Amino acid sequence: MSLQLTGIHHLTAITANAPENLHFYTKVLGLRLVKKTVNQDDTTAYHLFYADGKASPGTDLTFFDWPVGREGRGTHSISRTGLRVGSADSVRWWKGRLDEMKVTAGDVREIDGRISLDFEDGEGQRFRLIDDGGLSPSHPWEKSPVPAEHQIKGLGAITISVPDITNTELVLTQVMNMTEARRYPSPDGEGQVHVFSMGEGGPAAELHVAVQPGLPPARQGAGAVHHVAFRAPDTDALTAWTERLQGFRLQSSGEVERYYFRSLYFREPNGVLFEIATDGPGFAVDEPMETLGESLSLPPFLEPKRAQIEARLKPLE
């Protein structure tokens, strides 16, 4: 089997304010809440999944709701999350919308050859909207407050910050079969960014590694990213990845059943948490596609504890 990751699967971040988070990502960014569940390792915390209209793999932006202080920004971290839209006109449309809604945003500019717009949510979560040049399909959500032609199509390039790329590059290229495609100066003014491509490439299948030795180590908190997941087509591929990591003596979680997908976790040499996750079975495995996210979903092993779990969760609205 030729092992190729096919792109970004999902990204999981941290919020300390689930109601505000729900409002921002559904009412401001116009994403669809496709799964309202709990952290399977900490059932006192919500795990909220936002995605496109069809809950497609590669569009999931997810949040753990933990009562923590703000992130301390720095290196050894995932520093910025890319979000794809369909055109440069859409990027400019978003600049107007974010300014009107008083969201912290920069100027529309070209970064790494793509029309881009950096912005932050209310907790300092950092994003970059990019024009994907129409390279990927769009599955708009009909109930979104954002017009279909401007809706966020999915995750784009994810940027991680490391002080030294040497061992990270070895893992990305020799273990994970990524290819270094190009480099560009960091738009944040600190260091060079190396672009690693997977599968067929393009903005939905890139990891950007910013080399930033001058930054302090990051401290996780609200506004930080917890981990990034990469796409494997099925469980056979995931098993092969598990064996590959073992062959390179890279410690991993082994395969974990997340019900909506199956995955494994490991840390790259600078400590950033990576996950490899299967595309299926998807979020419609336990509720109809038409009503995704409208009620609390629990995987079968947690269902007997539903009353206890619900009693400890605070209202979202």
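User: Which residue of β12 is the bridge partner of glutamine 192?
Analyst: This is a predicted model, in which local features need pLDDT of at least 70, side-chain atom pairs count only at pLDDT 80 or more, and totals for chains, interfaces and linings use all residues. Residues are numbered from 1 along each chain as its sequence is written, and side-chain values use heavy atoms, with hydrogens and water left out. Strands β11 and β12 run antiparallel and are joined by six bridges. Within β12, the bridge partner of glutamine 192 is valine 211.

User: Which residue of β11 stands opposite threonine 179?
Analyst: Helices (H or I, at least four residues) and strands (E, at least two) are DSSP runs, numbered from the N terminus, and two strands pair if DSSP finds at least two bridges between them. Strand β10 (residues 179-185) pairs with β11 in the antiparallel sense over six bridges. In β11, the residue opposite threonine 179 is serine 197.

User: Which strands stand at the edges of the open sheet of eight strands?
Analyst: The order of this open sheet is β2-β3-β4-β1-β13-β16-β15-β14, with mixed pairing. Two strands have a single partner strand each, so one side of each is left without a neighbour in the sheet. The edge strands are β2 (32-39) and β14 (256-257).

User: What angle does the direction of helix α1 make with that of β3?
Analyst: Strands β1 (residues 8-15) and β4 (residues 60-65) run parallel, joined by six bridges. Helix α1 (residues 18-28) packs on the sheet and touches β1, β2, β3 (42-51) and β4, where contact means heavy atoms within 4.5 Å. Axes are lines fitted to C-alpha atoms, for helices over the stretch in contact, and angles run from 0 to 180 degrees between N-to-C directions. The direction of α1 makes with that of β3 an angle of about 10 degrees.

User: Why is the ring pair of tyrosine 25 and phenylalanine 127 classed as it is?
Analyst: Rings of Phe, Tyr and Trp (its six-membered ring) pair if their centres lie within 6.5 Å; planes under 30 degrees apart count as stacked, over 60 as edge-to-face and the rest as tilted. By this rule there are 13 aromatic pairs. The rings of tyrosine 25 and phenylalanine 127 have centres 6.0 Å apart and planes at 65 degrees, so the pair is edge-to-face.

User: What is the relative accessible area of tryptophan 94?
Analyst: Buried means under 20% relative accessible area, exposed over 50%, and partly exposed in between (1.4 Å probe, protein chains only). Tryptophan 93 is partly exposed, at 27%. Tryptophan 94 is buried, with a relative accessible area of 0%.

User: What arc do the buried residues of helix α3 cover around the axis?
Analyst: In helix α3 (residues 166-175), the buried residues are Thr168, Val171, Leu172 and Val175. The arc, which is that of the directions from the helix axis to the C-beta atoms, puts these residues on the same side of α3. The arc is only 115 degrees.

User: Which residues does the UniProt annotation "domain: VOC" cover?
Analyst: UniProt positions are given in the numbering used here, feature names are shortened, and annotations may be inferred rather than shown by experiment. The span 7-132 is 19% helix and 45% strand, while the span 154-279 is 18% helix and 41% strand. According to the unreviewed UniProt entry, the annotation covers residues 7-132 and 154-279.
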